[in-house]
Amino acid sequence: MSSESAPTSNAELDKQAPPSFGHAMHKLFEFDPSYVNLNHGSYGSSPKPVRVACDKLNTRIEANPDKFLRIECIHHWIEARTRVAKLIGADVDECVLVNNTLHGISTILRNFEWHEGDIIIETTTTYNAVSRAIKYLGDIPPYPQVSIFNLHWQEHIRQTRKVVTVVDAIAANPGVRLPWKEMVAICRGAGVWSVVDAAHSIGQEVDINLSEAKPDFWISTCHKWLFAKRSCAVLYVPKRNQHVIKSCIPTPRNYCSPRDKDYNGPQSFVNLFESLDFRQWLGGEHKINKYTHNLAIAGGKYLASLLGTSVMDPDGDLTLNMVNVELPIPGDIKYSNEINNLLRTTLLIEWNVYAIHYYHNGKWWTRCSVQIWNEISDFEVLADAFKDACQKVVKFARQ
Amino acid sequence: MTDMKTPSSSELAPSTLTTDVELDKRTPPSFGHAMHKLFEFDPSYTNLNHGSYGSLPMPVRVACEKLSAHIEANPDRFVRIECIHHWNEARTRVAKLIGAETDECVLVNNTSHGIATVLRNFEWNEGDIIIGTTTTYGAVSRAIRYLCDTPQHPQVSTFNLTFPASHAEILENWREHVRLVTSEGGDLKQTRKVVAVIDAIVSNPGARLPWKEMVGVCKDAGVWSVVDAAHSIGQEVDINLSEAKPDFWVSNCHKWLFAKRGCAVLYVPKRNHHVIKSPIPTPHNYYSPEDEHYDGPQEFVKLFEWTGTIDYVPLLSINAALDFRQWLGGEHKINEYTHNLAIAGGKHLASLLGTRVMDPDGDLTLNMVNVELPIPGDIKYSDEVNALLIKTLLVEWNTYAAHYYHNGKWWTRCSAQVWNEISDFEVLADALRDVCQKVVKFAKQ
């Protein structure tokens, strides 16, 4: 039974040409007009047409929740999965939607049956909550080991039951692109499971092509760079690995237990489209990311020159739409919650501009997210704010 | 709602998520169809199934949209600085309603998630037993099954609950079941644990259980009690958890409390905080015994403050929902209307269908009433019959109440809400007569 057609993005959209990239795009987003947003990467933002489409869908659901949830919803869900699978080069039935990347990672890691001797490999830049999730699994029976990736990680694989590696496609702090496809291939060659935390990938990394890259598991947040409404992520599990996922979290009512009388094998493994329509209207993935990438490179250089520091990645290998620039804070001033709060409050409340800040490898950095509404002048605003905030930090730390 | 441009005296003070300000100046409509102006259903839809997914009052929806707009104006500012205050306010208000301390209450996505969090935090060992019942909610029952399917393979023990049954009967049987379970086990009895999942109000049928007494039985027997109270908050008045003392308790705020879908409160008394080592997903502030400067586990409340980026609006809509319910006259006044209508409506529906109510004495009935359907009991449940019922009711007749097969009979469960009147049961009766005939015809072919 075909569903009624899903509410489309604002009908007027189709009749208009998109605004130019840059500040003209602000009319399609709903930020406080005086807020300079260089931190799209943390929580994502949805354009107005997507928000309008979501409001329409909400209205429809509230008009008759039972009719929507019992009859219509599944068709929308399938359509979203179909479109996102096409974007990432996967089969529809290898993609399901979950709340967010953390939930997806948890689902995978908690579905493995751990044994003593198993190892979970993370890195020093694994997203903090993912790192904690791994740590937690190591703390409970049967206590798989947790190992931190270093250059000699082949040594870890000597005498173990299984090794599971969590690989970032794009790390969060710093915001850097990793050679994840090659890392996944190395895992495959060594008999190691690869769980790719691709939170930042979809909508930022083009030509992902999972059926070629063949990770064992891959999760990406759709409410970040893809512009879907917060919160939403796609969990990719190739058919060959679907047997690993016995239950989602929470367990659903259609879970098939081996102990069920009529057990006939495990249950088969299977909001979004509005944002895909919008991105198509803007010109598509390559066009969008060309603008944002070029601005990230230019903006990073510019910010570094204004701050009198340097970009982390002058060659640009690590940089997609997030650029990391050193902050003028001496490296001997270590991270503390007070300093973090001071930076955050100064930027967000006093200066009404934001990009995240973190301590890494003996230095302080900012990670700027470049989006379609940004222009080079935004980096000037940020520079002024950081000059002030960093002076405050140094003063605080030296007292 | 605090205007962003004129902040309150303290930058960080919680801005109460209030309903549309005009509401405060008006008196509420009467209970019954006049209430429809405050809800946003399809005007021709007769909704007798609030219990499944909840319904969003218009003033709460408006407050949610305002909050969404505020969040989108500056997501970082909201998530990193302001959100926690709204969250604390919601927890404080809901804790007061259920007779708990603020720091014994955290907010999660829905009851299934809350139950999963509790059950997956227990460290299961061979010999452990999880007690479920024959009327445990489907997904919870499967969650128990799943845990038993995975190492260390605790066992499941199923308590038989068939309705109609009186509270006295249920309690007597429960006592006996718990006694049997705890007396078995041989050597493992000393070290093993027994965890019971008890519904406060069952889904199918929609029946209130003597859960407080059942919890008391557990306590006396050294059995952990996990109360699935999905339907409780906003329907059951005077819950008073500090008196009832369950070990864990979870309730959906987007059902009878009128919060936005999906939102639930997870209650864990202080004495049991040590059991919950991690929410799902694990947050960035989890403390591991393996950490260099480990100084004891993270505080319960702090663990749940942030567990991955979500849409915070449903969780925070509790504030607007509570405001709305207060404006309508408060918990007792609301539930007096809905309860009386459930009783009267059930009787009326049964007489129109030529059948009977499940619970003539009313012990089991709060706002959900169960009425037998005119479908012979030898026609068993099947997905086809279920789909036929759903489509005929929702698409052809534009009305709905849940339907299920239980104890050899077919039943409907009607949810009586503030917008319902007795005539709604007449609309439902016409629809049910038609669909039941269709079911019989389908089954007999």
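A residue counts as buried under 20% relative accessible area, as exposed over 50%, and as partly exposed in between. Keep that scale at hand for this tour, which runs through a predicted model.

**Stop 1: a lysine with two partners**

Start by selecting Lys392(A). With a relative accessibility of 29%, Lys392(A) falls in the partly exposed class.

**Stop 2: along helix H11 to its arginine**

Stay in chain A and select Arg398(A) together with Asp332(A). They form a salt bridge with their closest N and O atoms 3.1 Å apart. Which parts of chain A does this pair join? Asp332(A) is in the loop between strand E9 (322–326) and H10, and Arg398(A) is in helix H11 (residues 376–398), so the bridge ties together parts 66 residues apart in sequence. Arg398(A) is partly exposed, at a relative accessible area of 47%.

For one more group of charges in chain A, select Glu30(A), Arg51(A) and Asp55(A), which are linked in a network of salt bridges. Over all chains, the structure holds 35 salt bridges.

**Stop 3: where the two chains meet**

Now colour chain A and chain B separately and look at the boundary. Here 65 residues of chain A are in contact with 71 residues of chain B. The area buried between chain A and chain B is about 5,800 Å², and carbon and sulfur atoms give 54% of it.

How many salt bridges cross the interface of chain A and chain B? The rule finds 4.

Turn to the side of chain A that touches chain B. The elements that give two or more residues to it are helices H1 (40–43), H2 (48–63), H3 (65–88), H4 (101–111), H5 (128–139) and H10 (337–351) of chain A. H5(A) gives the most, with 7 residues. By residue type, this side of chain A divides into 27 nonpolar, 19 polar and 19 charged residues.

**Stop 4: a buried serine in chain A**

Select Ser275(A), which lies in helix H8 (residues 273–282) of chain A. Is Ser275(A) buried or exposed? Its relative accessible area is 0%, so Ser275(A) is buried. A polar atom of the Ser275(A) side chain lies 3.5 Å from the backbone oxygen of Leu226(A). Leaving aside neighbours within four places in sequence, Ser275(A) is in contact with Val50(A), Leu226(A), Phe227(A) and Ala228(A).

**Stop 5: a buried threonine in chain B**

Move to chain B and select Thr412(B), in strand E14 (residues 409–415). Thr412(B) is buried, with a relative accessible area of 1%. The side chain of Thr412(B) reaches the backbone oxygen of Ala402(B) at 2.8 Å. Beyond its neighbours within four places in sequence, Thr412(B) is in contact with several residues, including Leu349(B), Val369(B), Val371(B), His403(B), Tyr404(B) and Leu432(B).

**Stop 6: the cysteines**

Finish with the sulfur atoms. How many disulfides does the rule count over all chains? The count comes to 0. Cys222(A) is buried, with a relative accessible area of 0%.

In chain B, select Cys218(B), which is buried with a relative accessible area of 0%. The sulfur of Cys218(B) is 16 Å from the closest cysteine sulfur, in Cys148(B), and that is too far for a bond.

Note on methods:
Residues are numbered from 1 along each chain as its sequence is written. Chains are lettered from A and ligands numbered from 1 in the order in which they are written. This is a predicted model: local features need pLDDT of at least 70, side-chain atom pairs count only at pLDDT 80 or more; totals for chains, interfaces and linings use all residues. Side-chain values use heavy atoms; hydrogens and water are left out. Contact means heavy atoms within 4.5 Å. Buried area is the accessible area (1.4 Å probe) that two parts lose on being put together, summed over both. A salt bridge is a side-chain nitrogen of Lys or Arg within 4 Å of a carboxyl oxygen of Asp or Glu. Helices (H or I, at least four residues) and strands (E, at least two) are DSSP runs, numbered from the N terminus. Ala, Val, Leu, Ile, Met, Phe, Trp, Tyr, Cys and Pro count as nonpolar, Asp, Glu, Lys and Arg as charged, and the others, Gly among them, as polar. Buried means under 20% relative accessible area, exposed over 50%, partly exposed in between (1.4 Å probe, protein chains only). A polar contact is a pair of N or O atoms within 3.5 Å; within protein, one must be able to donate a hydrogen and the other to accept it, and residues adjacent in sequence count only if both atoms are side-chain atoms. A disulfide is a pair of cysteine sulfur atoms within 2.5 Å.
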